[in-house]
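Open the model in your viewer and keep the sequence panel beside it. Each stop below says what to select, then what is there.

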Amino acid sequence: MVSRRDFLKTASAVSGLGLTGTLYALDSRYQDSSGFFGVHPFIESHPEAVFIMKTTVDTKTNSDAKRLAGVDFGRSVLIPKSESDGGIPLTYNIPIKPNLTCRGKWMKGYTTEGTMGVVTDSFFVEGIIESMKELGFSGSQFFIREVNCFEDFAEGGYIDLGKRTGAEVRDLEAKVGEISANNLQWMDVPEGVWFTRIPYLWPINAPDSFLINVAKFKAHGMGLTLCAKNLQGTIAHNYQEHCTSFGSSMDMSSSHRNPNAQTDIRNNYNRHVADGIPRWDKPGNSTNAGLGMETWASRCLDNNSVTKPGIHIIEGIYGRDGNFVEGPNPQGLATDYMTNIVIFGKNPFYTDIIGHWLGGHEPGNFGLFHMAIERGLAEVLDPMRIPVYEWTPDGSAKLTPLTDFERTPLLTYYIQRDYNGQTEPQWHLVNEPYDYGTITDVKTPGKPEVFILGQNYPNPFNPNTSIEFVLPSNGYARLEIYNTSGQLVDVLANGYYQAGSHMSVWNTGNYSSGTYFYRLLFGGFSETKRMVLLK
């Protein structure tokens with residue numbers, strides 16, 4: 001395995017030479033692949049959970065460190081799998097949806113470096129692509145997709161990303177009716193509140209494709225514009241213009257819109273105001289009022305009901321407050337902060353709920369999450385009821401209290417409380433206390449009642465394997481590795497753990513092929529299992 005220091009040294013030398021070819025200072029995992037890949041089975045088996053990987057990037061302009069963070073993420077989350085384990089063929093296309101919206105060039109105070117936090121970092125995305133190439137993908141299988149502001153792609157670093165990786169990066173801004181039909185993938189929307197049919201930018205939602213949704217940890221008029229909203233840019237013009245006021249037709253074919261959309265949205269809005277969704281009572285039709293937000297959220301949920309990425313990611317190597325260029329700093333501009341987190345999971349709403357909380361907001365105050373539960377797209381609203389794991393680059397996952405993670409206040413202008421005698425700054429946190437006891441979650445997370453040591457995966461293995469264990473209560477646990485002579489060769493876990501599922505990874509290093517045993521000790525319990533290392 002190439003060391004972190006060697007990787008940075010090689011990457012720096014390549015970038016210094018101005019090369020635009022594929023960057024390969026990486027080990028290949030192709031020899032470990034059986035022609036299939038997938039999301040790590042621990043993540044797949046815990047769709048109710050959210051994972052947080054901490055990064056160690058010093059400045060937002062350190063491209064090598066950001067790329068390496070993407071490599072670390074990709075190597076640990078997107079792994080070789082067998083067909084029998086639900087692996088996805090390496091012949092699939094890989095559309096990637098970064099938050100690559102307009103950068104705000106029309107606003108006073110715009111600078112290229114000053115607005116880096118408006119978009120998902122391109123070097124992080126590049127790292128993910130390079131990690132997947134280790135599995136056997138070619139650059140031509142990757143498609144960067146965003147409907148808006150192709151003229152800003154170069155400043156966001158994505159034109160150069162395409163040159164270095166071979167990923168397709170191109171202008172797809174033409175409206176439906178003008179854009180080639182070959183560039184569209186149509187999807188029916190059963191029971192859509194606004195849409196009955198949506199045109200996506202191919203190969204998003206096409207057969208034999210695996211979508212990676214990479215949002216940005218940033219503030220916006222919808223609160224924080226994270227995974228659920230990021231998918232808005234997967235849709236062709238003008239069907240993607242969800243952020244319009246109530247009453248707007250969106251300049252789209254009426255045959256693709258619910259004929260009762262306006263009535264249904266109005267009725268739902270009145271019901272939600274009566275239910276007490278916070279801030280929904282602000283009068284007006286714009287998206288900065290309750291009815292406008294109901295309209296946007298209805299369209300957003302229609303989109304999420306039919307678009308199912310393989311993984312949802314919030315790139316938070318650096319986070320951003322404000323809105324595009326504008327923000328709360330003394331010069332009236334937004335600010336980027338080194339937040340050094342990557343948040344991810346299988347469910348976009350759980351991922352976003354945790355993202356909002358880490359951005360200083362109380363998720364119960366956002367109507368989108370209430371509506372997602374109502375639509376059956378989520379089951380839990382309280383962030384403290386969502387299992388959160390700290391994920392390490394070696395692929396270990398430790399169940400961790402959410403309050404152990406640092407929060408970074410990212411101020412927004414979301415539905416400012418400046419009505420009915422209330423006063424609130426334009427830039428604010430939506431952090432008023434919310435009584436989650438008034439909400440009946442669809443799903444009540446169960447507490448483990450048994451001590452379980454899972455079989456390692458994969459087995460046989462080379463060079464790494466994962467071991468999941470479940471603890472019935474909080475306490476000290478120790479996970480040991482022994483050889484066939486009974487000698488202790490490694491300790492994978494040794495400390496205080498929360499009740500629930502955890503995962504440790506054994507990186508075999510210089511250990512030789514053969515049979516090994518792993519033993520879990522916890523509160524008087526002990527269990528041992530066998531595994532095989534084949535090099």
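Start at R478: its bridge partner in β22 is L521. This is a predicted model, in which local features need pLDDT of at least 70 and side-chain atom pairs count only at pLDDT 80 or more, while totals for chains, interfaces and linings use all residues. Residues are numbered from 1 along each chain as its sequence is written, and side-chain values use heavy atoms, with hydrogens and water left out.

Select 475–483 and 514–522. These are β19 and β22, paired antiparallel over seven bridges. Two strands pair if DSSP finds at least two bridges between them. Helices (H or I, at least four residues) and strands (E, at least two) are DSSP runs, numbered from the N terminus.

Y476 stands opposite Y496 of β20. The hairpin of β19 and β20 has four residues between the strands; its G486 has a positive phi near 85°.

**The sheet β3-β1-β4**

Next, select 36–39, which is β1; three bridges join β1 to β3, and the two run antiparallel. The open sheet has three strands in the order β3-β1-β4, with antiparallel pairing. Its edge strands are β3 (78–80) and β4 (88–89), each pairing on one side only. Pick G38: its bridge partner in β3 is I79.

Now show 63–77. This is helix α3, lying across β1 and β3 at about 50° to β3. Axes are lines fitted to C-alpha atoms, for helices over the stretch in contact, and angles run from 0 to 180 degrees between N-to-C directions.

**Helix α10**

Select 367–374. Is α10 mostly covered or mostly uncovered? It is mostly covered: seven of its eight residues are buried. Buried means under 20% relative accessible area, exposed over 50%, partly exposed in between (1.4 Å probe, protein chains only). Among the buried residues are L368, F369 and M371. The cover includes α6 (227–230), α7 (261–275), α8 (290–306) and α9 (348–358). Contact here means heavy atoms within 4.5 Å. Move on to G376, which follows α10 and has a positive phi near 80°.

**Aromatic pairs**

The structure holds 27 aromatic pairs. One of them is F366 with F369: edge-to-face, 6.3 Å centre to centre, 65° between the planes. Rings of Phe, Tyr and Trp (its six-membered ring) pair if their centres lie within 6.5 Å; planes under 30 degrees apart count as stacked, over 60 as edge-to-face and the rest as tilted. F366 counts as buried at 2% relative accessibility. F369 is buried too, with a relative accessible area of 2%.

Select Y413 and W427. Their ring centres are 6.0 Å apart and their planes at 85°, so this pair is edge-to-face. Both lie in the loop between β16 (397–399) and β17 (452–453), so the pair ties together parts 14 residues apart in sequence. Y413 is partly exposed at 24%, whereas W427 is buried at 15%.

Last, select F42, F51, F73, F124, F344, Y389 and W391: ring pairs link them into a cluster.
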